[in-house]
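Please find below my notes on the model, arranged as numbered points to be read beside the sequence and the coordinates.

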Amino acid sequence: HCFKMSRKTATASNAVISVVAASPETIAAENQMNRKVELKRSDIKACNSSDYQLAARSILPKPLYEYLASGTDDEQTLSENEAAFKSWYLRPRVMRSVGSISTTTTLFGQHLSMPVFISPAGVHALCDEAGECASARACGRAGTLFGLSQHATRSIEQVAKATQGGTNLWYQSYILKDRDMTLRLVRRAADAGYQGVFLTVDSVRFGYREADARNGFNALPPPHRLVNYDEEVARKTPGSRKKWLAPEASVVDKSRIYGGEEDAWDQNTEQLFEQNPTWEDVRWLKKEGCHDLPLIVKGIMTAEDAVEAVKAGADGVMVSNHGGRGLDGALAAIDALPEVVEAVGGKVPILLDGGIRRGTDVLKALALGATAVGIGKPVFFALAVGGENAVANLLDMLRRETEAAMAICGCETVSDIGRSFVTRHPNGGGRVGHYVRSKL
């Protein structure tokens, strides 16, 4: 069941690496590296999600790899997102019928082959020339959901066309200073056949990523673009274009996304976001943009905010700390999940991302009350190693691992998984014993 990289795929992906060279001074060295990459990739054998990260580290230019792999400040939350799963223990039940294991589940009536999906995260084309189209097609092959980031390198419509109706597509939105653009983007997704909306609410500011500052990764490397914004410019009529570009209107076209004025790239994009949001914004987007599409508020880490999100009309909440790339020192997502589950009280589905690397992680999250879980970083590493095929294999590995964990725990269906299947260690393993800085 391991994935072996084909020489053909490796050759196709090499063009991306030269595009994202850290600086002109390193181009010659990276061209020499690229000549070796094809041989490296043809020998890659991935048997779990971590294998893809190890392989990607040996393939990608250092600035790009560390942009994908790093977190903010001391990377405590990044590290604990994974480590915290180790302090939750499974309680297997035996002598139970598991002859017909099924990982299938539903979310708002939408069929998923497994309770694992790809969380919205931007700029997939940094790792594979097909970008988000490749990841979305892989989800279609796996029979699960794909979340398209507002900061994607392939547009809402491009991804819909590439998947030809074969993937359950969801769109991820931010509340922008330009509310009209916020609404237009969501309506474009609805018109293109997307089945739901994630509203990310934890990014009024981005955390400072020291790895990017050290590596000079302070702009989106050309020719890559945040195309959903570019298409908004193109869709404007000549008469309205001047008004839209006025200082009091949207600042997207004048932003520093492509200029690199700040030390780290994400600080060059945060100016786009509304920094004085309220829960009324959730009500507004649900009413004016989503209509009958389910709206999941993403970035919830406390019971209080979970309650507020539901009161504001959210159809679901997603426990997430932005993959350890937002506020450092926040709880691991899996440790924040129990209080959110208790506060919501079954009123709406609860999703989670952050730290999912194994099928046993999936089972632990479901036992603690999640309906389904998303993955982020592993997708980028798989894309870098083998494009669409590697992402499809990554999803298949997680499905098989989840299926095996369910069988060994005595759960024949996802609905069999409950709180009694997970516990803390009786010797006090209720929290991560010590903090170890994440290894890039």
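**Notes on charge pairs, surface and backbone**

1. Glu157, Asp180, Arg184, Arg188, Glu231 and Glu232 are joined to one another in a network of salt bridges. This is a predicted model, and the points that follow should be read with that in mind. Over the whole structure, the number of salt bridges comes to 22.

2. Among the individual pairs, Glu274 forms a salt bridge with Arg179, and the closest N and O atoms of the two are 3.0 Å apart. Because Glu274 sits in the loop between helix H11 (238-244) and helix H12 (279-290), while Arg179 belongs to helix H8 (residues 179-191), the pair ties together parts that are 95 residues apart in sequence. Glu274 is buried, with 14% relative accessible area, whereas Arg179 counts as partly exposed at 25%.

3. Lys286 and Asp315 make another salt bridge, in which the closest N and O atoms are 2.6 Å apart. Lys286 is in helix H12 and Asp315 is in the loop between H13 and strand S11 (316-319), so this pair ties together parts that are 29 residues apart in sequence. Lys286 counts as buried, with a relative accessibility of 18%, and Asp315, with 22%, counts as partly exposed.

4. Where do Glu66 and Lys62 lie? Both are in helix H4 (residues 62-69), at positions four residues apart, which is about one turn of the helix.

5. Which residues of helix H7 (residues 156-163) are buried? They are Ile156, Val159, Ala160 and Thr163. When one looks down the axis of H7, these buried residues fall within an arc of 100 degrees, and therefore they line one face of the helix. Just after H7 comes Gln164, whose phi is positive, at about 50 degrees.

6. The backbone also deserves a careful look, since most residues other than glycine have a negative phi, and most peptide bonds are trans. Phe108 has a positive phi, near 55 degrees, although this residue is not a glycine. Phe108 is located in the loop between strand S4 (105-107) and strand S5 (110-112), and its relative accessible area of 34% makes Phe108 partly exposed.

7. His322, which is likewise not a glycine, has a positive phi of about 60 degrees. The loop between S11 and H14 is where His322 lies. Is His322 buried or exposed? With 17% relative accessibility, His322 counts as buried.

8. The peptide bond that runs from Pro222 to Pro223 is cis, and its omega is near 10 degrees. Pro223 is placed in the loop between helix H9 (210-215) and helix H10 (227-235). A reader checking the backbone by eye may wish to inspect this bond together with the positive phi values of Phe108 and His322.

9. A last point concerns Ala134, which is part of helix H6 (residues 132-142). Ala134 is buried, with a relative accessible area of 1%. Although Ala134 and Asn389 are 255 residues apart along the chain, their C-alpha atoms are separated by 8.4 Å.

Note on methods:
Residues numbered from 1 in each chain as written. Predicted model: local features only at pLDDT ≥ 70, side-chain atom pairs only at ≥ 80, totals over all residues. Heavy atoms only, no water. Buried < 20%, exposed > 50% of the residue type's maximum accessible area, 1.4 Å probe, protein only. Helix = DSSP H or I, 4+ residues; strand = E, 2+ residues; numbered from the N terminus. Arc of directions from axis to C-beta. Salt bridge = Lys/Arg side-chain N within 4 Å of Asp/Glu carboxyl O.
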